[in-house]
Amino acid sequence: MNIRSLTRGDGVVIGAAVLLFIASFLDTYDSSGSNIPNAWDNLGLVMSTYVGGIIGAVLIVLARSLPQPRKVVGLDLGQVGVSLTVFAAWTAFWTIIDPLGAFDDLGSGVSAGVGLILGLIAALVLAGAAIAAPLVPALQAALIPAPKPAAPQPYGAQQPPGGYGYPGAGQPQPSYGTPPQQAQAAQPFGQPAPAPAGDFSPFWFAVPVARPLFAEDGTPSPIAELAPGTWYLAVEQRGPALVAQTQDGRRGVLQDTSGIQRG
């Protein structure tokens, strides 16, 4: 799992799920001056509204952070999670409108308690963020910004200690044979990487949002997902696409190179 692949939308989903969990322990209804026990005293209510929404949030974040998509009964984990959050919001809404549907021993003078009101707000925010995250550009930005690349050093100079996956850090030489040349100066997001007219020189780069990496043989299914905040090595250029190498040594084709940051 790579938490740097999480977006601001995922951050809203996590925050709403935490709020929903807290609300489940607060008073659900006020009836005739007496507090009705919290949602955990009613299995149907707590499972459909609170636990269901929290599980939906977990599935959304899990699907986002995994390098490859996972499916449950043919459905993407993220799709299942979004469906659960919408169902939780719908259940919370109707529980406020029809309290006897959740508790059949309420009597007269029933009013929604703070737990149910807060739970409805959290469920609505959770469902809204789950639906809007892939659609609103502001929610697609990385939750944890990518670290700035190290200052470029001449090739062959002693490098600072570090792991594979960061410009200037010690790394094994790739197998293609041509050694990397002097590191390029970082370029701002939104500008395409220039294509060299002569021999291609490997360089480090980071992606602004998560993007799939496809097999070199043209297989349509992605073999990995490049995550924001991690540096990858471009080892070859094929037209507008790049052949990239991941931290574990896998190579694949990055078809969408728009907005990448060179390091």
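Modeller: A nonpolar core is a set of buried Ala, Val, Leu, Ile, Met, Phe, Trp, Tyr and Cys residues joined through side-chain atoms within 4.5 Å, where buried means under 20% relative accessible area, exposed over 50% and partly exposed in between, with a 1.4 Å probe and protein chains only. This is a predicted model, in which local features need pLDDT of at least 70 and side-chain atom pairs count only at pLDDT 80 or more, whereas totals for chains, interfaces and linings use all residues. Residues are numbered from 1 along each chain as its sequence is written, and side-chain values use heavy atoms, with hydrogens and water left out.

Colleague: Which residues have the most contacts inside the largest nonpolar core?

Modeller: They are Val-13, Leu-20, Tyr-50 and Leu-126, in a core of 23 residues. Two or more residues each come from α1 (8-23), α2 (43-65), α3 (77-97) and α4 (114-132), and α4 gives the most, with seven residues. These helices are DSSP runs of H or I with at least four residues, while strands are E runs of at least two, numbered from the N terminus; the protein chain comes to five helices and 12 strands.

Colleague: What does Val-13 touch, not counting residues up to four places away in sequence?

Modeller: Val-13 touches Ala-57, Val-61, Leu-126, Ala-129 and Ala-130, where contact means heavy atoms within 4.5 Å. Apart from this core lies another, of 14 residues, including Phe-205, Ala-224, Ala-227 and Ile-260.

Colleague: Why are α1 and α2 called roughly antiparallel?

Modeller: Their packing angle is about 155 degrees, with the axes 9 Å apart, and angles over 145 degrees count as roughly antiparallel, under 35 as roughly parallel, 65 to 115 as roughly perpendicular and the rest as oblique; α1 and α2 are therefore roughly antiparallel to each other. Among the residues that meet are Asp-10, Ile-14 and Phe-21 in α1, and Thr-49, Gly-53 and Arg-64 in α2.

Colleague: How do you know whether Pro-134 is buried or exposed?

Modeller: Pro-134 has a relative accessible area of 57%, and since exposed means over 50%, Pro-134 is exposed. Pro-134 is found in the loop between α4 and α5 (137-140), and its C-alpha atom is separated by 9.6 Å from that of Thr-7, although the two residues are 127 residues apart along the chain.

Colleague: How many residues does the protein chain have, and what share of them count as buried?

Modeller: The protein chain has 263 residues, of which 39% count as buried. Of its contacts with a separation of 6 or more, 66% are between residues 24 or more positions apart.

Conventions
Axes are lines fitted to C-alpha atoms, for helices over the stretch in contact, and angles run from 0 to 180 degrees between N-to-C directions.
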